[in-house]
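Here is a walk through one protein chain, with the sequence and the coordinates to hand. Have the viewer open and follow along.

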Amino acid sequence: MVKIGVVTISDRASAGIYEDKSGKEIESFLKENITNDYEIVYKLIPDDFDTIVKTLKNLVDEKCSLILTTGGTGPAKRDVTPEATKEVLEKELPGFGELMRMHSLKYVPTSILARGTAGVVKNSFILNLPGSPKAIRENLEAVWPAIPYAIDLIEGDYIESPTAFRPKKK
């Protein structure tokens with residue numbers, strides 16, 4: 001069974017001030033784009049560097065092949081998700097963040113402020129997504145085709161997806 005970590009990083013949502021719609025949007029996207037069985041390991045945590053690092057490391061140790069974070073990717077003081085993610089990564093894959101920013105510029109000029117990144121650690125692929133449910137879907141639609149193959153390359157669990165791109169074997 002594929003394990004997928006979904007981490008919402010928000011001071012206010014983790015304090016119960018408002019509902020976590022971002023995590024639900026990620027789960028909805030996954031349901032639409034993965035055809036094999038998978039289990040979601042959901043975490044709702046505050047914008048805190050050490051908590052993010054610890055949570056990501058725990059999800060890697062729990063053998064999550066895919067870890068999607070939402071929130072904390074902007075320029076505000078409390079936005080530390082990319083820095084915490086880079087602390088955990090063995091290899092950064094900057095093309096994912098670059099594509100998400102380029103794609104988002106079609107919708108909103110402030111997407112240039114986004115700092116989300118992606119990379120791998122052991123057999124886990126980690127991707128930082130923005131906090132807006134609308135932006136989550138737009139960004140995942142742009143980068144999703146490459147994610148299952150990236151997980152194949154790091155020997156993570158196989159994700160079946162009709163929208164994934166995998167090179168044809170010779």
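Predicted model: local features only at pLDDT ≥ 70, side-chain atom pairs only at ≥ 80, totals over all residues.

**The H2–H6 pair**

Let's start with two helices that pack against each other. Two packed helices are described by the angle between their axes and the distance between those axes. Here, helix H2 covers residues 21–33 and helix H6 covers residues 133–143, and their axes come within 9 Å, crossing at roughly 30°. As for handedness, the H2 and H6 crossing is right-handed. On the H2 side, the contact is made by Lys-21, Ser-22, Glu-25, Ile-26, Ser-28, Phe-29 and Glu-32. Facing them from H6 are Pro-133, Ile-136, Arg-137, Leu-140 and Glu-141.

**Salt bridges**

Side chains of opposite charge can pair when their charged atoms come close.

| Pair | Closest N–O distance |
|---|---|
| Glu-25 and Arg-137 | 2.6 Å |
| Glu-32 and Arg-137 | 2.9 Å |
| Asp-11 and Arg-78 | 3.0 Å |

Take the two bridges to Arg-137 first. Glu-25 forms a salt bridge with Arg-137. With Glu-25 in helix H2 and Arg-137 in helix H6, the pair ties together parts of the chain that are 112 residues apart in sequence. Both Glu-25 and Arg-137 are buried.

Then there is Glu-32, which also forms a salt bridge with Arg-137. This pair again links distant parts of the chain, Glu-32 in helix H2 and Arg-137 in helix H6, 105 residues apart. Salt bridges that share partners join Glu-25, Glu-32 and Arg-137 into one network. Why does Arg-137 count as buried? Its relative accessibility is 19%, and the cut-off for buried is under 20%, so Arg-137 falls on the buried side.

In the case of Leu-44, the C-alpha atoms are separated by 5.6 Å, though Ser-14 and Leu-44 are 30 residues apart along the chain.

Now jump to helix H5, where His-103 lies. Is His-103 buried or exposed? At 15% relative accessibility, His-103 counts as buried. Beyond residues up to four places away in sequence, His-103 touches Glu-138 and Ala-142. Glu-160, by contrast, is 57 residues away from His-103 along the chain, and their C-alpha atoms are separated by 24 Å.

**Out on the surface**

Leu-105, Ile-112 and Leu-113 form a nonpolar patch on the surface, and together they have about 280 Å² of accessible area. Leu-113 is placed in the loop between helix H5 (94–104) and strand S5 (118–121). With a relative accessible area of 45%, Leu-113 is partly exposed.

Lys-63 has a positive phi, near 70°, in a residue other than glycine. Lys-63 is in the loop between helix H3 (49–61) and strand S3 (66–70), and it counts as exposed at 61% relative accessibility. Where is Glu-155 found? It comes in the segment after helix H7 (147–153). Glu-155 is not a glycine either, yet its phi is positive at about 65°. Its relative accessibility is 68%, so Glu-155 counts as exposed.

Conventions:
Residues numbered from 1 in each chain as written. Heavy atoms only, no water. Helix = DSSP H or I, 4+ residues; strand = E, 2+ residues; numbered from the N terminus. Buried < 20%, exposed > 50% of the residue type's maximum accessible area, 1.4 Å probe, protein only. Patch = residues over 30% accessible without salt bridge, like charges linked within 9 Å, V, L, I, M, F, W, Y side chains within 5 Å. Areas by Shrake-Rupley, 256 points an atom, 1.4 Å probe, with all protein chains shown as cover. Salt bridge = Lys/Arg side-chain N within 4 Å of Asp/Glu carboxyl O. Axes fitted to C-alpha atoms, helices over the stretch in contact; angles between N-to-C directions. Left-handed = near helix turned anticlockwise from the far one by under 90°. Contact = heavy atoms within 4.5 Å.
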